[in-house]
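Welcome, and please open the structure in your viewer. We will go from stop to stop, with something to select at each one.

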Amino acid sequence: MVIGLSGHYGKLGVHVGARPYFFISIAVLLSCPAFFGLYYFPYLDQRLSEQFIEPYAQSLEEVKAQKTFFNLHGEPWYMAVFAIAKDGKNMLDLNIYGEAAKFYESTLSMNLTSEGERFNFSQLCKPLCGINDQLTKLMDYAFFATIRWPVSQIMGYNVNIGKHFFNRTVNPTTGELEKADILALYYTAMQSDHQSTEKLRVFEREVARLAEIINNNNGSSITLVVHGTNTVGEQIKTGFEHTAFFIGLGVLMSTLAYLILFFVSAKRRECFSLARLGLALVSTSILSFLAIATGVGYTSLCGYSLNLLFIISPIVPLFFLNHFRSILYIFSTFDDQQPNAKRSQWNRVETLGALFERIGPVHLLTSLVPVLALLSSSFFVSPGYASLLITVGTALFFQWIYQIFIVCPLLTFTLPKSNKQYQSPEKKISTASFVKAESACNRSCIQPYSVVLSSGLGKVTGFLLLGLLLGTPVRMGLENLRSDMNFRSILKDDAPAFKGFELVDKMWNDFHQIIFFIRSPPDFSNEQGYTLFRKFIDDAEDIPNSHHPSAHQSWIFDYFPTELAMDYNSENATLFAPDMKRFDHFINGFPYDAWKDGVKYRFADENKTKPIIDRMVVMMAYDKVKGLDGKRQLLKQCRRVVTQNPQLNAVAFDTDSINVDIIENVLPTFYVVLIAFIISTFTISFFVLFNFVMSVLATLGTIFVIATSLGITLLVSNFYFDLMTLSSYILITVFSIQVSLTFVGDFLTVWAHENRVQRALASCGSNVFKALFLTVLLFGPLTVCHVQLFRWQAFLALFGTLSGVLSAIFVQPLIGGVIPTKLISQECCI
């Protein structure tokens, strides 16, 4: 006897069988609003933007401060060109530097055409065109300069070149820079509309083309590496196109295997027909995509945009696997009931009622647990994640609706019109040995295994193995859980952009600047205000790996030696507040008039002797910054400095501020979804089964799947969580949990039997192994693709499904075998 809400599933089957066209119409009508959203409202936002962070994230204020200070509009665009001296030559050699400088100047002035409009980069970069000015001015007067790193001097003026020269050789006696292998030149602009975005794309493509010409010129002394937003984007696209072959191969192989398994199952039960094969194939190819489209449509109606996660997450493979598993289970259960249906002369109504009652526990659990988990967690995560969770949750709900309101009624239409007494065929088909493989597997593998597992020795051994598994590899793997972001993971292993990323890593490791926007600067002529500012600078310099004070930049650091004849870092400079009467002379004189872009000021008197600094920037330099995770650690410490000095109303800005907060938001999002899976498993199980102990058993299975799949993946690979791997893990975990829940659903139907564990394993064993087999075929080809992200997806899918199988055939049967019958009997149900 089936108890709980699943016991009423049979009544739903009766209604569906009595009114099949009505319920088919209901399924179609429920989908119709989604097509309105799909047609009118879909919007694909591929940016790594604020949609993946919380509304209170500090980076939002930091980006706002940057845009306000420089009066910027739109989204930033960045590109770097690295000039590498060939054959051990020196980039400080004026002839070799001249080649790079000539290339740089030509890119600024070259005239291009975009959508019929002529333009050059100098029109696009304002007000950020002067990003390389200190370098170019220094090298223009190199004969009069003392070139040191990171700060050089020319005619008594300091020039910071820290971010331009790398792989350096320094004279240990004089400290002068003798040689540098790499020169970095930077380009930045704002993408304020479609036209500017397209112009920057055209510009970047042309720069890459000119760089390739120089690189192919054997007479050139330099090699140029172009590393920009669009250049990397094009190579990411190439990686996706490469991976599409492996995904397609996996889909093809798994679909063929699905049809073979369907054929074997139907032939073994002597229920095969072309109509049923057509229904299985068409429902997979049409209803899976229809469910995804419906989910996207409803998400668009809710006001969410599609984003990068929709492109890189395994949404289609997930729905194919889920549909394969469900259809094989529904059809095989339906076929198992046909002898009884024919003997009892059941009509369509009775047939569907019996089918729904039998599949109810498994189908309800595997369908509704992920739906509730995904939809409920969407309320507690940032919009970018919520969009994906709502889409997949809604699509899974409609996939369930399509299966019970469309597939099941159509399945009954494939029955013969006459319900005659079942007769075995006189001749056996030639493939009899092949089609009996499934039952043979049950007899030779699953049944003996279930007997051993149910024995006393088997239970003791099983718990020891479970403790060993969770206590060693899983625990060791989970200890490596971390979040990061590395765009190399979505490139082909041989992508040219790897060289650019290596150079960027070298640059950050040598010299990286954090820009502090000070929105309430003190009155520097006031001793109290000046002391506050010096404390702020001291705190920023106390951060580990801070460069020498001379590497930091702000107008105040240049004002002291120029107008007060003392160094800002000297002891005398700490004694008294500076005299600001000469600020007008300083800010309007060469070369420090360049600081007008870095300070917003006005004067309180007509003689311009009392400047009021409204806003200013301070650029602090650090080294040993290792990738985006290194930026995250540094920016967290800089934000702490800002918090410790609230009077200045400052923010710490980095060009990757948004990306840093995206990384920070990954693990909290993971924990939200993880908790949602656990709570949803217990909640749905309780309402479906109406039994507390069975609900706990299902929840333990879910926890095992989450911990084991992630722990083993972390143990055997350098896997980490970012927004791309997190979305992949969530979707794959959906299927893994569905596999795990299969045992609980079948266990419920045989709770009254003394050998209930053996019966439940015999019922679910072949189903979970089919799921594992199809997963291996679908994701197996991805293990040898040349894009790391998709290899990780394959490993997650394989280990996740394997964890689901272990939960269904080992962990839950092991625990279920020691639960007294009384605790899972009808008396313990609500």
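Start by selecting Thr294, which sits in helix α9 (residues 274-301); helices (H or I, at least four residues) and strands (E, at least two) are DSSP runs, numbered from the N terminus. Is Thr294 buried or exposed? Thr294 is buried, with a relative accessible area of 0%, where buried means under 20% relative accessible area, exposed over 50% and partly exposed in between, using a 1.4 Å probe and protein chains only. Now show what surrounds this residue: not counting residues up to four places away in sequence, Thr294 touches Ser31, Ala34, Phe398 and Tyr402, a contact being heavy atoms within 4.5 Å.

A word on what you are looking at: this is a predicted model, in which local features need pLDDT of at least 70 and side-chain atom pairs count only at pLDDT 80 or more, while totals for chains, interfaces and linings use all residues. Residues are numbered from 1 along each chain as its sequence is written, and side-chain values use heavy atoms, with hydrogens and water left out.

Zoom out to the protein chain. Its C-alpha atoms fill a box of roughly 110 × 55 × 50 Å, taken along the principal axes. The chain has 28 helices and 15 strands, and 56% of its 830 residues are buried.

Next, colour by domain, with bounds that come from an automatic or database domain assignment. You will need domain 1 (1-41 + 273-414), domain 2 (73-233), domain 3 (435-480 + 660-829) and domain 4 (504-564 + 579-654). Keep domain 2 and domain 4 on screen: their C-alpha centres lie 25 Å apart, and 16 residues of domain 2 are in contact with 14 residues of domain 4. Between them they bury about 1400 Å², 63% of it on carbon and sulfur atoms; buried area is the accessible area (1.4 Å probe) that two parts lose on being put together, summed over both. On the domain 2 side, pick Tyr157, Asn160 and Phe166, which lose the most area to domain 4 and together account for 32% of what that side buries.

Now select Phe516. Together with Trp555, Phe516 touches the most other members of the largest nonpolar core, which has 208 residues. Such a core is a set of buried Ala, Val, Leu, Ile, Met, Phe, Trp, Tyr and Cys residues joined through side-chain atoms within 4.5 Å. Helix α14 (residues 383-413) supplies the largest share of this core, 17 residues. Leaving aside neighbours within four places in sequence, the contacts of Phe516 include Phe536, Met616, Tyr622 and Val651.

Move on to helix α17 (residues 456-478). Where does α17 bend? The bend, of about 25°, is at Leu470, and a proline, Pro473, follows within four residues; this angle is taken between axes fitted to the seven residues ending there and the seven starting there. The buried residues of α17 are Gly458, Gly462, Leu466, Val474 and Gly477.

Compare helix α23 (residues 657-689), which bends by about 30° at Val666, with Pro668 following within four residues. Just after α23, click on Phe690, which takes a positive phi of about 55°.

Finish at Ile730, in helix α25 (residues 723-749). Ile730 is buried, with a relative accessible area of 5%. Apart from neighbours within four places in sequence, Ile730 is in contact with Leu374, Leu389, Val673 and Phe677.
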